[in-house]
Amino acid sequence: MTGLDISRLSILVAEDSAFGRQLVRTTLKALNVSDIREAPDGAEALKMVRLRKPDIVLADWEMPHLDGVELTRLLRNAPDSPDPFLPVIMVTAHATKFHVVTARDAGANEYLIKPFSAASLFSRIRAVIERPRRYVRLKSYFGPDRRRRDDPAYRGPARRDDEQPPATGRDDALELEPVLSQEQVDRFYAGEGFDDPAETRQEQT
């Protein structure tokens, strides 16, 4: 974890669990970050962003009042958003394809699965600083470009413009979805799709 000084960053941790906030705070302090603010839910996090904008938001998925996905959508799309371009790293124990794709389509910049190490958290912070994605505005989406890599060989329709966000309601089928590894998630966020080559092509369009 060398080559990037993140000690001057201001980071807002949105997490409903006091124990979870403590773990994130301890990890950030180990990475020399001193300006750490905490919010127990997404609604409070949004208020804090409006009062003093942080450099990065670390948002848990499951929170009362306003969850991490809803918080991200409001930051990206609300008319009174304090900063639609604010980097958001989703930090969650959810590791299914549904959750990963939903967070991406809400506008999350990176996705980190709990439990995580200091090195993995540093890696996602480093990604939003050193490899920021350009932001795009489409009919149904505003946020970081979901195609981090373009495929020059692709000759299909421009599906990205017509892409709709996934349905937020799911049933017990979620329990049957395989759990993804952090490596799989990272490949997906890098624009490489999941494991199926056909799916990889689809995700790049």
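Modeller: Let's begin with the ground rules and then walk through the space and beyond. This is a predicted model, so local features need pLDDT of at least 70 and side-chain atom pairs count only at pLDDT 80 or more, while totals for chains, interfaces and linings use all residues. Residues are numbered from 1 along each chain as its sequence is written, and side-chain values use heavy atoms, with hydrogens and water left out.

Searching the whole structure turns up 1 cavity of 30 Å³ or more; a cavity is a set of points on a 1 Å grid, over the protein atoms alone, where a 1.4 Å probe fits but cannot get out. The largest cavity holds about 40 Å³ of space, the volume being the space filled by probe spheres set on the points, which are joined across faces, edges and corners.

Who stands around it? Val13, Ala14, Glu15, Val24, Leu58, Ala59, Asp60, Val91 and Lys114 line the largest cavity, each with an atom within 4 Å of a point. Two or more of the lining residues come from each of strand E1 (10-14) and strand E3 (56-59); strands are DSSP runs of E with at least two residues, helices are runs of H or I with at least four, and both are numbered from the N terminus. By class, this lining has 6 nonpolar, no polar and 3 charged residues. Here Ala, Val, Leu, Ile, Met, Phe, Trp, Tyr, Cys and Pro count as nonpolar, Asp, Glu, Lys and Arg as charged, and the others, Gly among them, as polar.

Look again at Lys114, one of the lining residues. A cis peptide bond joins lysine 114 to proline 115, with omega about -10°. Proline 115 sits in the loop between strand E5 (110-113) and helix H5 (118-130). Another backbone detail is at asparagine 32, which has a positive phi of about 75° although it is not a glycine. Asparagine 32 lies in the loop between helix H1 (18-30) and strand E2 (35-39). Most residues other than glycine have a negative phi, and most peptide bonds are trans.

Gly42, Ala45, Leu46 and Val49 of H2 touch Leu71, Leu74 and Leu75 of H3, where contact means heavy atoms within 4.5 Å. That contact has 6 nonpolar, 1 polar and no charged residues.

Technical notes. On a 1 Å grid over the protein atoms alone, a cavity is a set of points where a 1.4 Å probe fits but cannot get out, and a pocket is an open set with protein on both sides within 12 Å along at least five of seven lines; lining residues have an atom within 4 Å of a point.
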